[in-house]
Amino acid sequence: MLRNREIRIFLGIMSVIGLCLSAVATLFSTSGAWLVFSTSALFIVTYHQFTKWRYRELEQLSRYLQQISNGDYGLDVRDNQEGELSLLKNDIYKVTVRLSEQNALLVQDKSRLKEAISDISHQIKTPLASMTVMTDLLLNPSLSEDKRIEFISNTSVQLERMDWLVSSLLKLSKIDAGVVTFRKEHIKVEELIRKAIQPILIPMDIKEQILSISGDKSASFTGDMNWTAEALINIMKNCVEHTPEGGALSITYTENLLYTEIIVEDTGKGISKDELPYILKRFYKGKGASEGSVGIGLSMSQSIISNQNGDIYVTSELGKGTQFQIRFYKRII
């Protein structure tokens, strides 16, 4: 404690003041001088003991913080007494709880990342192995022309799948790193939907699905046309994939004083209640996901929309279909 320069200065000043007062008191009375001297000494000793106690408390908090830095979040220093030290203890405890929760989340994220990397590695290795085999077969001069065309076509499909996977992962990484600059332009929802439905028209035609679009033609919001279109495409592709032949996909859009809303709804098989909270999570693949699914399409849509002051709400019922409500808010809420 006495190593603290401020404490030494304070005690020195108080000692000098006490001695001066005692010297002055001797001019009037010896007993008065002793009384002043005793009072000053008592005050200094009391201050010393009180400060020593506070330093012990601070030393305990210092040891507690050291334990926290070493990863021990089980300690509890909450104090129901009044005073600044008690408030400090309670604040440190609150921070400890937050750190403990964040650490738990980091452990979960690390585990999920490990599983995701393993899954992505598998997703890439499978088409690579297939293409290696087909390339070896293509080198066979006795291979028939029909088989050669079939293998080349399959190789092309696998390359497109790998290109989409790598491209999607790069986009997600850029969004997570905050290096993507979303443009703030005036977007008419009608034009956005017209652009977004182009990639799904052929798959819908093959499955003989019905597409209906309706809404307020003047509806608009501020955002990035290309990125938002990509988010919508991923959602619509998911709906088309999980809707059987002859099913329907409807898109409606409205605008009010608070937000612009786009609703994409299908008549597919729906999502169970236990899976619903996770379908927007990265690398999550539902029970009904296709074999080639990686689980990043809807997660990317969520990231794109949330980075443009928007949100996605998903409701679903098994056997009746799924509804995606996309809202772009006028102001940050």
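In the predicted model, Glu 150 and Lys 147 are joined by a salt bridge whose closest N and O atoms lie 3.6 Å apart. Both residues belong to helix H4 (residues 145-177), where a spacing of 3 residues places them about one turn of the helix apart. Glu 150 is partly exposed, at a relative accessible area of 37%, and Lys 147 is likewise partly exposed, at 39%.

This pair belongs to a total of 7 salt bridges in the structure. Another links Glu 185 to Arg 183, with 3.4 Å between the closest N and O atoms; Glu 185 is partly exposed at 21% relative accessibility, whereas Arg 183 is exposed, with a relative accessible area of 51%. A further salt bridge connects the side chains of Lys 330 and Glu 255 at an N to O distance of 2.4 Å. Because Lys 330 lies in the segment after strand E7 (321-329) and Glu 255 in strand E4 (residues 248-255), this pair ties together parts 75 residues apart in sequence. Lys 330 is partly exposed at 35%, as is Glu 255 at 31%.

The largest nonpolar core comprises 44 residues, of which Leu 192, Leu 232, Ile 235, Met 236, Ile 262, Val 264 and Phe 324 touch the most other members. Helix H7 (residues 225-241) supplies the largest share of this core, 10 residues. Beyond its neighbours within four places in sequence, Val 264 contacts residues including Leu 232, Ile 235, Met 236, Cys 239, Leu 249 and Phe 324. A second, separate core of 5 residues includes Leu 61, Ile 68, Ile 92 and Tyr 93.

Notes: Residues are numbered from 1 along each chain as its sequence is written. This is a predicted model: local features need pLDDT of at least 70, side-chain atom pairs count only at pLDDT 80 or more; totals for chains, interfaces and linings use all residues. Side-chain values use heavy atoms; hydrogens and water are left out. A nonpolar core is a set of buried Ala, Val, Leu, Ile, Met, Phe, Trp, Tyr and Cys residues joined through side-chain atoms within 4.5 Å. Buried means under 20% relative accessible area, exposed over 50%, partly exposed in between (1.4 Å probe, protein chains only). Helices (H or I, at least four residues) and strands (E, at least two) are DSSP runs, numbered from the N terminus. Contact means heavy atoms within 4.5 Å. A salt bridge is a side-chain nitrogen of Lys or Arg within 4 Å of a carboxyl oxygen of Asp or Glu.
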